[in-house]
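Here are my notes on the structure you passed along. Have a look at it first, then read on.

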Amino acid sequence: MALENLNLDIKKGATGLLGPNGAGKSTFLKTILGLIQATSGEGTVLGHDIRTEGAAIRARIGYMPEYDALNPDMDAINQVRYSGELLGMNPIIALQRAHASLQYVGLGEQRYREIKSFSTGMKQATKLACAIIHDPELIIADEPSNGLDSTAREFMIDTLINTVKQGDRSVLMASHLMDDVERVCDDIVLLHKGKLAAQGRIEDLKAIDREIEIHVWGGASKLEAAMIQRGMRVRREGRVMRIAHESEELTSEILLCASQVGAQIRRMHEYEASLEDLFLVIMENLGYDVKSSEDLFSHPIHARKVDAPGHMGGGAS
Amino acid sequence: MSEGEGIEPQPLPSPQPVAITPQPLPQPQPMAIAPQLPIPLSPQQMQHVATEDIQMATAETPVTGQARMDTAWGSSEGDEDISEMASIGQTDSGEIFKQNYEPWRGELNPRWMRNWAILRHHILGIFKKGHRPWGIPTRIFLVLVFFASLSDAALTLLSSLIGDAEFHSFWGVNRDNLYGHVLGFFPRNVMYYPIVAALLVGGVISEDRLHGTSALYFSRPINRFDYVGMKYASVAFIQAIIIIFTLFLYYLTEIMAFGRGWAWIVDTFPIFLGALMGGVLLIITYTSIGLALSSVSKGKFFPGIGLLAIILGTKTLAIIVKNLFDREILYLLSPYDCLAHVGQTLVKTQPTYDQYSWTWSLASLIVMNAIALYVLSSRVSSMEVTRE
């Protein structure tokens with residue numbers, strides 16, 4: 001997937017990289033690692049030109065790949081040490097750092113075990129140890145919590161959070177798990193068809209999806225019809241409805257509609273969108289009919305529109 | 001006592017100042033409107049019941065009082081003991097672990113140090129743990145071949161101890177024996193060197209594809225040329241220990257055991273150099289073909305068997321064609337035959353390929369190596385970092 005007209009400025013801290021399959025995430029990661037030559041445009045990572053200084057960039061970045069990248073016949077300590085030597089570390093220093101890194105990722109007691117005896121979570125932790133052995137300024141974590149059980153996932157997320165907060169390092173995290181991205185990251189970059197679909201602070205982007213949630217008893221369908229007739233944007237799941245918060249009088253208008261059709265509103269509150277909701281809203285705006293991010297990630301989709309709307313950073317009107 | 005309840009009217013007490021303390025208004029409490037269940041349930045059980053009801057209830061579900069309340073508010077009153085629930089998540093597992101991020105302010109060494117790390121990783125893996133894990137059968141075979149390659153040196157030493165000239169002429173250093181040490185067909189180029197090359201090249205690149213460890217290299221400041229160059233050098237170096245180093249030991253044994261002087265050394269050194277160059281050509285050719293095969297596969301079996309098939313299969317084919325049709329032309333397809341032909345020229349021993357010039361064999365070797373290196377470079381260029 002080629003990247004096109006991608007203009008990004010990723011700040012220090014934790015940033016989530018989102019996008020469906022084929023959105024260009026891998027291409028983006030390879031580009032900032034300096035492994036793909038950009039045919040046009042320019043970019044810098046940590047002050048180094050991505051076109052000419054790939055090696056210098058990779059020396060200052062820790063990359064944690066999504067897929068297996070460990071030799072199963074090596075023990076963890078030597079695998080991590082070797083990954084440090086490949087960066088140019090002295091073997092003795094690399095060994096010392098390997099001990100520290102494995103201790104940090106919670107494998108201090110298992111460091112002399114062969115990697116083939118490790119669980120998925122332990123392998124992920126070993127990959128993270130390989131990535132942080134030289135204390136990089138930026139850690140690129142590609143699906144760090146993929147395939148982990150809840151305990152290992154919690155630990156991985158906590159470790160990344162700790163790396164950002166205690167270690168003062170930056171993390172660029174590509175993940176399909178919205179909850180994890182939301183917990184670790186303050187900002188997100190959403191790619192779609194090689195273009196930027198959305199970028200910004202998660203809190204700010206969530207404001208796109210402000211809604212009032214009501215729980216209705218009796219006459220829900222009538223109420224829905226009445227609200228739609230009054231021009232409100234309504235999403236309904238059984239008796240729970242969410243109405244786009246587009247005007248200050250929305251609450252009054254909802255109550256008015258309810259009184260007209262004789263429906264009872266049992267609960268009404270401002271609905272705080274999750275990152276998953278935000279993702280779906282953006283994708284809906286791009287022209288996709290999806291029910292969940294899982295649908296989007298697991299099945300190839302056919303675009304009706306390619307560009308994101310202008311207010312989200314894309315080229316479409 | 002309220003007013004009007006007394007039997008006889010009593011004089012009212014004198015009014016006393018009353019201290020009125022403003023009391024805070026009671027906090028609004030959620031209305032307890034959940035129906036009473038016949039059997040008292042624990043909060044967890046009640047939550048479970050409520051969840052089930054919510055999942056079952058739809059807009060078309062018949063309305064009952066309980067379903068209505070459950071659907072709208074849940075069946076509990078919200079009086080669960082939160083501290084009890086919180087304590088479940090805070091169970092101390094007894095593990096002592098404090099996660100501290102330790103910064104590092106060291107300097108990374110330049111390119112040569114990274115390349116040295118790759119070379120060292122592969123070569124030291126033959127001898128000790130903690131580096132590239134070569135298989136035990138590979139290590140054992142390498143040791144056996146190393147000592148088997150020293151058989152001529154051992155017999156030279158034996159001939160010096162016996163003092164038998166005929167025995168020495170059979171095993172000592174001369175053109176034929178120097179050629180035979182490196183390029184002799186049986187046993188060295190049937191049982192020793194091709195199998196050593198097959199065992200070494202088998203997994204060197206293909207296992208990086210298999211395990212995804214190529215990402216470990218390419219996400220570091222290592223370029224493709226350094227990656228493949230160091231892998232090539234390490235495999236060639238191990239073969240050189242077995243072929244070139246034992247040739248050197250053989251030559252040294254003759255000098256030491258028979259007390260050869262400078263005149264003999266000057267006389268035989270060009271032959272030794274010719275054999276050494278033949279050995280270098282052999283190592284380069286076997287390594288190039290083997291690594292090319294390794295780069296197109298994801299396991300060690302195919303490259304190993306493929307290399308043996310190319311070396312021994314083409315040799316066998318050339319022999320069959322020569323015997324049937326008395327034509328040697330097909331030896332140009334055999335890496336071993338081409339090496340042997342060039343090697344005979346270098347050592348200036350009796351040529352066994354006399355129908356064609358040795359330059360044909362040299363050209364064929366160059367073409368074979370060029371094709372192998374092209375395949376190797378193109379496949380390594382396509383190796384992925386994000387997915388393999």
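This is a predicted model: local features need pLDDT of at least 70, side-chain atom pairs count only at pLDDT 80 or more; totals for chains, interfaces and linings use all residues.

1. For chain A, the domain assignment gives domain 1 as 14-204 and domain 2 as 211-271. The C-alpha centres of these two domains of chain A are 45 Å apart.

2. Let's start with the six-stranded sheet of chain A. This sheet is open, has mixed pairing, and runs in the order β4-β5-β6-β1-β7-β8. At its edges are β4 (61-64) and β8 of chain A, each of which pairs on one side only. From one strand to the next, the twist averages 15°. Inside the sheet, β1(A) and β7(A) run parallel and are joined by four bridges. If you want a spot to look at, Leu17(A) stands opposite Val189(A) in β7(A). Helix α5 (residues 120-132) of chain A lies across β4 and β5 of chain A, and runs at about 165° to β4(A).

3. What about helix α1 of chain A, residues 25-32: how many of its eight residues are buried? Six are, so to speak the helix is mostly covered. The buried ones are Lys25(A), Ser26(A), Phe28(A), Leu29(A), Thr31(A) and Ile32(A). They pack against five strands of chain A, namely β1 (14-18), β2 (44-45), β5 (138-142), β6 (170-174) and β7 (187-192). After α1(A) comes Gly34(A), with a positive phi near 75°.

4. Now the four-stranded sheet. It is open too, with antiparallel pairing and the order β10-β11-β9-β12 in chain A. Because β10 (234-237) and β12 (264-271) of chain A are the edge strands with a single partner each, one side of each has no neighbour in the sheet. The twist here averages 20° from one strand to the next. Seven bridges pair β9 (residues 211-217) of chain A with β12(A) in the antiparallel sense. One of the residues to check is His215(A), whose bridge partner in β12(A) is Arg267(A).

5. Helix α9 (residues 220-229) of chain A touches β9, β10 and β11 (240-244) of chain A, and its direction makes about 165° with that of β10(A). Helix α10 (residues 250-261) of chain A touches β9, β11 and β12 of chain A, with its direction at about 20° to that of β9(A).

6. On to the nonpolar cores. The largest has 143 residues, and Ala129(A), Met173(A) and Val196(B) have the most contacts inside it. Helix α12 (residues 224-258) of chain B gives the most to this core, 13 residues. Another core, of 13 residues, lies apart from it and includes Ile214(A), Leu223(A), Ile243(A) and Ile254(A). As for Ala129(A), if you leave aside neighbours within four places in sequence, its contacts are Val80(A), Ser101(A), Leu102(A), Val105(A) and Leu107(A).

7. How do the two chains meet? In total, 37 residues of chain B are in contact with 48 residues of chain A. On the chain B side, α2 (65-73), α4 (111-127) and α11 (214-218) each supply at least two residues. By class, that side of chain B has 18 nonpolar, 13 polar and six charged residues.

8. Some backbone spots deserve a look. Most residues other than glycine have a negative phi, and most peptide bonds are trans. Glu143(A), which is not a glycine, has a positive phi of about 50°, and sits in the loop between β5 and α6 (150-165) of chain A. Lys193(A) also has a positive phi, near 55°, and is found in the loop between β7 and β8 (195-201) of chain A. Buried or partly exposed? Glu143(A) counts as partly exposed, because it has 19 C-beta neighbours inside 10 Å. Lys193(A) is buried, with 21 other C-beta atoms within 10 Å.

9. Last, the cis peptide bond in chain B. It joins Phe186(B) and Pro187(B), with omega about 5°. Pro187(B) lies in the loop between α8 (175-183) and α9 (188-201) of chain B.

Note on methods:
Residues are numbered from 1 along each chain as its sequence is written. Chains are lettered from A and ligands numbered from 1 in the order in which they are written. A residue is buried if 20 or more other C-beta atoms lie within 10 Å of its own, exposed if 12 or fewer, and partly exposed in between; C-beta atoms are placed from the backbone. Two residues are in contact if their C-beta atoms, placed from the backbone, lie within 7 Å. A nonpolar core is a set of buried Ala, Val, Leu, Ile, Met, Phe, Trp, Tyr and Cys residues joined through C-beta atoms within 7 Å. Two strands pair if DSSP finds at least two bridges between them. Axes are lines fitted to C-alpha atoms, for helices over the stretch in contact, and angles run from 0 to 180 degrees between N-to-C directions. Domain bounds come from an automatic or database domain assignment. Ala, Val, Leu, Ile, Met, Phe, Trp, Tyr, Cys and Pro count as nonpolar, Asp, Glu, Lys and Arg as charged, and the others, Gly among them, as polar.
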